[in-house]
Amino acid sequence: MSWLLTGDMGEEGERELLRTFPQLQADILKVGHHGSKTSSSAPFLEQLQPKAALISVGKDNRYGHPHEDVIGNLEGNGIKVFRTDEDGSIIYKYYKSSGTFRKTLP
């Protein structure tokens, strides 16, 4: 399984990453910038083809993250979304050749 952790990357960084690595794909995407409107663009998601996306975001944060357009892009591409504001801690347990996600509410 391949993971892509994008930190605070926005659309400009996504475009540069895809220009530099045109064959880039990832099974799991850590959504950039807490799911702000400037992250996880449609072209970026279409290229990566992740199966799941993780969004680290505080509940009722003042920025309104994650943005509804980002959630729409993720779900529209059939990507399973895990959010810390709704799911609590997100744990991925890997054993031998497979793994599973688990949510732990606070």
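Start with the charges: select Lys and Arg as positive, Asp and Glu as negative, leaving out His and the chain ends. Place each charge at NZ of Lys, CZ of Arg, CG of Asp or CD of Glu. In the protein chain, the mean positions of the 13 positive and 14 negative charges lie 9 Å apart.

This is a predicted model, where local features need pLDDT of at least 70, side-chain atom pairs count only at pLDDT 80 or more, and totals for chains, interfaces and linings use all residues. Residues are numbered from 1 along each chain as its sequence is written, and side-chain values use heavy atoms, without hydrogens and water.

Next, colour by secondary structure. The protein chain has four helices and six strands, taken as DSSP runs (helices H or I, at least four residues; strands E, at least two) and numbered from the N terminus. Their order along the sequence is β-α-β-α-β-α-β-α-β-β.

Now select the aromatic rings. Rings of Phe, Tyr and Trp (its six-membered ring) pair if their centres lie within 6.5 Å; planes under 30 degrees apart are stacked, over 60 edge-to-face, the rest tilted. The whole structure holds four aromatic pairs. Zoom in on Trp3 and Tyr92: edge-to-face, 5.2 Å centre to centre, with 75° between the planes. Trp3 sits in strand E1 (residues 3-5) and Tyr92 in strand E5 (residues 89-95), 89 residues apart.

Finally, show the surface. Buried means under 20% relative accessible area, exposed over 50%, partly exposed in between (1.4 Å probe, protein chains only). Trp3 is partly exposed at 37%. Tyr92 is also partly exposed, at 23%. Of the 106 residues in the protein chain, 38% count as buried.
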